[in-house]
Structures are given as C-alpha cells and as structure tokens.
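Student: Hi! Could you walk me through this structure?

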Amino acid sequence: MPQPKASTAASGSKVPPVTPAVKATASRQTSFWVLAAVPVLVFPLLYWVPALWTHWSELVTPVERIWRKPVDDICRLRDSGAIDDLRCEFHALEEVNHQLAPLIRQIAQASFFKYYRVDLYRPCSFWNSDGLCVLRDCEVKPADDSEIPVEWTTAAGENHGANHPIDQVDFAPFGKSYQPFGATCDYQDSDFCVLGDERSANGVYVDLLKNPERFTGYAGPSANSVWEAIYEENCFDVPAHIKALTSSQNVITEFSQFESLQQHRQALLNECKEKRVFYRVISGLHASISTHLCREYFNQTTQEWGPNLDCFMSRVGHFPDRLQNIYFNYALLLRSVFRLSSYFIDREFCTGHKEEDAWLKAKIQELVATCLALPDGFNENELFLDNEAAYLKEEFKDNFRNVTRIMDCVGCEKCRLWGKLQTRGFGTALKVLFSYDEDRLLPTADIHLDRGEVVALVNTLNQFSKSIEAIQQFHQLYHDVHYSSA
Ligand SMILES: Cc1cc2nc3c(=O)[nH]c(=O)nc-3n(C[C@H](O)[C@H](O)[C@H](O)COP(=O)(O)OP(=O)(O)OC[C@H]3O[C@@H](n4cnc5c(N)ncnc54)[C@H](O)[C@@H]3O)c2cc1C
C-alpha cells in the first residue's frame with residue numbers, strides 16, 4: 001500500500017500539492033512585501049537617524065553622559081581653533097582675556113572711566129519712534145552732580161560751544177588743538193561715528209557701574225526696527241547676500257547646525273574683506289548685547305537675576321558665526337588699544353583727585369604693557385588697499401555713522417545708553433585703525449580724541465572682555481546640564 005504523503009494532515013484533510021505556479025505566486029508575494037517594507041522601514045530611518053543625531057545631546061543616557069564628550073557648537077567652535085579674518089585663535093584670545101580682564105575691570109571702575117556723558121533724549125531722525133519705553137529695568141539713573149569732578153560739570157553745563165574745557169582738562173596737550181564740531185556737523189572726516197552728546201545741553205553724566213548692561217525686557221517691533229535698519233540698510237547688503245547664497249532660507253534665524261558655518265563662511269568670503277569686517281562688527285556687537293542680557297537675566301518666576309542658558313544658546317551659543325564675531329570684535333578693539341599705547345602712556349587722566357589719577361595712570365601703563373605683548377590678531381593693513389579703497393572707506397564711514405545715529409531710535413533708555421556707548425567705542429576703534437597711517441600712534445601725532453571717545457573705547461573693550469568670560473561660563477554650564485553624571 002502506498003504510504004500517505006507527509007503533506008497529508010493527521011486529521012486526514014488534504015493539503016494541495018505545491019506546484020511551480022503556486023511557488024511563483026508565493027515568491028511574488030514575498031517580494032511584494034519585502035519591497036513594500038523598504039520604504040516603510042527605510043524612509044523613517046532616513047528621517048529619524050539625522051533627527052536623533054541632531055538632538056543627540058538631549059538623548060544621552062546617564063551612563064553615556066559620563067564618557068561622552070560635549071559636541072555643542074561652542075565647544076566644537078572653540079576647539080576648531082582659527083577665527084576667520086584674524087591671525088589668532090580662540091584659545092589665544094581667551095588666554096589674553098584671562099590676563100587683561102582683572103586689569104580692565106579695575107580701570108573701568110575709576111572715576112575717569114565710569115562716568116559717561118550721554119544725551120539720551122535726542123529724537124530719532126529716521127522714523128517716528130514711540131519714544132522711550134517705561135519698563136522698570138530700562139530706567140537710567142543719572143549721576144548726582146556732586147559725584148562729578150567740578151571741572152567737568154562746569155565745562156559741560158555752561159559751555160557747549162567752542163574750546164570745550166572738557167578736552168582741555170582731560171587731554172591738556174591736545175585740548176588746544178581740538179576743534180569742536182560746528183552746529184551743523186557733528187563729525188569730522190576722520191570720525192566713524194557721530195559725536196555731539198558730550199556737548200549737548202541735554203547730556204547727563206551716567207555712572208556706568210550703577211547702570212549695567214543687562215536684561216531690560218526691551219523687545220518687539222521697536223527693537224526689531226532698529227536691528228532691521230542696521231542690517232538691511234547699513235550693512236552693505238551682506239545679510240541679504242548670506243541669505244541668498246546659503247541653502248537654508250532662514251540661515252540668520254535658524255543657524256543651529258555647526259556645519260552651516262561652512263555655508264555661512266563661504267557666503268561671507270564672497271564679500272570683500274571690508275564689508276565682511278563691517279558685518280562682523282555689527283553682528284559681534286549684537287551677539288555681545290545678547291550675551292550680557294542672557295548672563296544677567298531676570299527670571300519672572302523666581303524674581304531673581306542670573307544666567308539663563310536657554311536664552312544664551314538660542315541667541316548666540318547655537319550660532320557659530322555669532323560666537324566668532326564676538327572674538328573678532330575683541331581682537332579689533334585690542335588692536336586699536338595697541339595702536340594707542342604710546343599715546344596713552346603720556347596722557348594725563350584728570351579727575352581732580354591726585355592719588356586716584358596717579359593710580360589710574362599706573363594701571364593704564366600696565367594695560368599698555370600687556371597690549372604690547374599680545375599676539376597679532378586683527379591686521380588693519382589688509383584693508384582698503386585696492387583702487388576702490390578711498391570710495392569704499394567713505395561708504396564704510398557713512399554707514400557706521402548712520403548706525404551710531406540709529407541708536408537715538410532705541411526705545412529703552414538703558415539699551416540706548418549702552419548702544420550709544422558701544423557704537424561710539426567701535427567708531428573710535430575704527431578711527432584709530434583707519435584714519436591714521438602710523439602703526440603706533442605717538443602722543444605728538446595730530447590725533448583728535450575727546451574724553452567720551454576714550455571712555456567709550458575702554459568700556460567697550462571691557463564689555464567684550466566680559467562677553468568672552470560669559471561664553472566660557474555658559475559653555476561650562478551647558479556641559480554641566482547636559483553631560484554631568486548627576
Ligand atoms: C541697540 C540695542 C541695544 C539693546 N540692548 C539691550 C539690553 O541691554 N538689554 C536687553 O534686555 N535688551 C536689549 N536690546 C533688545 C535685544 O537686543 C533684542 O532685540 C530683544 O531681546 C528681542 O530679541 P529677539 O529674540 O527678538 O531677537 P533680536 O536680538 O532682536 O534679533 C533680531 C534678529 O536679528 C538676527 N540676529 C540676532 N542676533 C544676531 C547676530 N548676532 N548676528 C546677526 N544676526 C543676528 C536674527 O535674525 C534675529 O531674529 C537692545 C536692542 C537694541 C537695538
């Protein structure tokens with residue numbers, strides 16, 4: 001008797017024989033499902049792997065936190081070394097700042113440097129601004145008259161015209177040759193900024209230490225209009241070119257990938273160096289302001305002041321170009337102080353208090369000595385060289401003067417104070433770098449600097465020195481939050 005085939009079930013029901021046709025159908029079905037599974041499995045992978053990689057830092061487990069090195073933009077950038085358009089690296093500038101910071105802080109506390117005369121009520125000459133906001137933290141408290149050296153108040157209060165005594169008091173040898181600006185023109189050819197606050201009838205002395213640059217709550221349309229006017233109308237179209245040349249449409253606002261730095265860098269390199277420098281100065285100033293407001297941030301919930309890491313990362317830390325520009329600006333300011341080193345050595349800084357004046361002079365000499373030992377960073381001799389140089393320099397000056405004028409449109413007193421001071425500080429640095437030929441300006445050189453310019457330059461350097469310290473602190477904080485084993 002023939003044995004039943006293995007395909008016959010125990011129950012006796014018959015399984016149809018597997019013919020070649022059935023095999024082919026089954027194989028087609030399998031192929032169909034395999035093919036169907038490919039997009040279902042692969043496409044999400046294609047999406048999720050990069051997405052997870054992007055947010056890797058948020059996903060690390062406690063074990064991984066112990067051994068993984070931080071890969072945030074600040075770290076990668078600082079470790080990458082070189083800074084575009086400079087001859088020195090991140091760590092070199094941090095090293096310099098480590099030496100200079102205590103000295104600059106001390107100098108900024110001296111009466112000569114802590115009192116700054118400013119006109120906070122000049123009308124905005126570009127658009128109808130809504131005036132100044134009434135936010136509590138925007139308020140600026142002018143210094144009491146009794147705090148100000150009597151020579152300065154007599155000078156500023158009673159004589160806004162020619163031969164302004166302020167200049168004679170502060171820089172005696174140059175006071176006589178100094179020609180104050182006429183009523184119609186508040187800058188000279190050599191100036192990169194519009195002056196006049198020092199001599200304005202509405203000018204007040206402000207103690208900068210009592211009115212620090214920090215979070216004020218100023219935001220919204222008024223602040224946006226100011227930044228927009230600066231970037232879109234006065235930055236040689238550089239931001240528009242960057243946007244057009246990079247693949248991401250929102251490169252300026254959504255610049256959160258380190259790799260995007262390459263695109264951004266390439267777009268900037270397509271610009272001539274002078275325009276790049278202008279853009280870097282503005283963007284670096286903006287980033288430094290953001291760093292200060294995030295470092296001294298007011299937490300509405302706890303009602304306390306302190307550093308706000310999210311604020312910093314979303315405005316500066318995730319934007320490698322902005323970080324670079326802060327360091328770039330620091331190097332530019334240091335270079336201008338270097339050029340003024342001989343000039344500073346022989347200057348008297350008079351406040352009427354002999355002891356303090358002598359102490360300050362010794363500190364300034366120390367600052368100068370440190371600046372002389374600095375590595376080369378910014379090189380002004382590489383700019384304004386070709387046939388178009390003279391024309392480009394005038395355009396550069398005009399645009400920068402406009403930026404200083406736009407500060408009258410800032411709708412928050414404290415932001416206006418620091419905006420005016422720092423644009424004037426950069427105006428002074430640019431003037432020192434580009435309006436005089438000598439490599440090191442001698443006291444005998446025909447330099448026109450008034451007290452306000454010197455005070456603005458030194459305080460701007462101090463603000464950038466603080467920004468670099470803040471970047472290092474935020475980096476540490478970021479590391480502690482994301483990678484500490486706790
Ligand atoms: C002169 C001035 C001084 C100010 N000072 C203070 C202050 O002391 N304290 C305070 O709390 N607020 C200050 N503000 C307000 C502050 O700068 C912001 O405008 C505000 O906090 C709103 O921020 P935001 O997120 O809308 O972006 P904003 O900082 O206003 O930036 C607007 C846009 O500019 C672009 N951008 C931002 N940063 C950079 C950069 N570094 N480089 C290139 N592009 C950039 C981005 O596209 C961003 O969306 C000041 C504003 C101005 C104009």
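Student: Which residues are closest to the ligand?
Tutor: The ligand is surrounded by 23 residues, and the closest are A223, S283, A287, C415 and G419. A residue counts as near a molecule if its C-beta atom, placed from the backbone, lies within 6 Å of it.

Student: And which elements give two or more residues to that shell?
Tutor: Those are α10 (221-234), α13 (273-295) and α19 (413-434). The largest share, six residues, comes from α13. Helices (H or I, at least four residues) and strands (E, at least two) are DSSP runs, numbered from the N terminus.

Student: Before I go on, what kind of model is this?
Tutor: This is a predicted model: local features need pLDDT of at least 70, side-chain atom pairs count only at pLDDT 80 or more, and totals for chains, interfaces and linings use all residues. Residues are numbered from 1 along each chain as its sequence is written.

Student: Got it. How does the shell around the ligand split by class?
Tutor: The shell has 13 nonpolar, seven polar and three charged residues. Here Ala, Val, Leu, Ile, Met, Phe, Trp, Tyr, Cys and Pro count as nonpolar, Asp, Glu, Lys and Arg as charged, and the others, Gly among them, as polar.

Student: What does UniProt list for "active site"?
Tutor: The unreviewed UniProt entry lists C412 and C415. UniProt positions are given in the numbering used here, feature names are shortened, and annotations may be inferred rather than shown by experiment.

Student: Where is C412, and is C412 buried or exposed?
Tutor: C412 sits in the loop between α18 (389-406) and α19. C412 is buried because 24 other C-beta atoms lie within 10 Å. The cut-offs are 20 or more other C-beta atoms within 10 Å for buried, 12 or fewer for exposed, and in between for partly exposed, with C-beta atoms placed from the backbone.

Student: And where is C415?
Tutor: C415 is in helix α19. C415 has 26 other C-beta atoms within 10 Å, so C415 is buried too.

Student: What do they touch?
Tutor: Leaving out residues up to four places away in sequence, C412 touches L132, C133, L135, C138, T216 and Y218. Two residues are in contact if their C-beta atoms, placed from the backbone, lie within 7 Å.

Student: Which residues does the "binding site" annotation cover?
Tutor: In the unreviewed UniProt entry, that annotation covers R214, T216, W227, S283, H286 and R315. W227 lies in helix α10, and W227 counts as partly exposed because it has 14 C-beta neighbours inside 10 Å.

Student: What about R315?
Tutor: R315 lies in helix α14 (residues 309-317). R315 has 18 other C-beta atoms within 10 Å, so R315 is partly exposed. R315 touches S290 and C294, not counting residues up to four places away in sequence.

Student: New topic! Which residues have the most contacts inside the largest nonpolar core?
Tutor: Those are Y327, Y330 and A331, in a core of 102 residues. Helix α20 (residues 451-483) gives the most to this core, with 12 residues. A nonpolar core is a set of buried Ala, Val, Leu, Ile, Met, Phe, Trp, Tyr and Cys residues joined through C-beta atoms within 7 Å.

Student: What does A331 touch?
Tutor: A331 touches L86, C88, L93, G377 and F378, again not counting residues up to four places away in sequence.

Student: How many helices and strands does the protein chain have?
Tutor: The protein chain has 20 helices and four strands. Buried residues make up 36% of its 486 residues.

Student: How do β1 and β2 pair?
Tutor: Strands β1 and β2 (residues 204-207) pair in the antiparallel sense over four bridges. Two strands pair if DSSP finds at least two bridges between them. Y115 stands opposite D207 in β2.

Student: Which residues of β1 are on each side?
Tutor: In β1 (residues 115-118), Y115 and R117 are on one side, Y116 and V118 are on the other, and all are buried. In a regular strand the side chains alternate between the two faces of the sheet.
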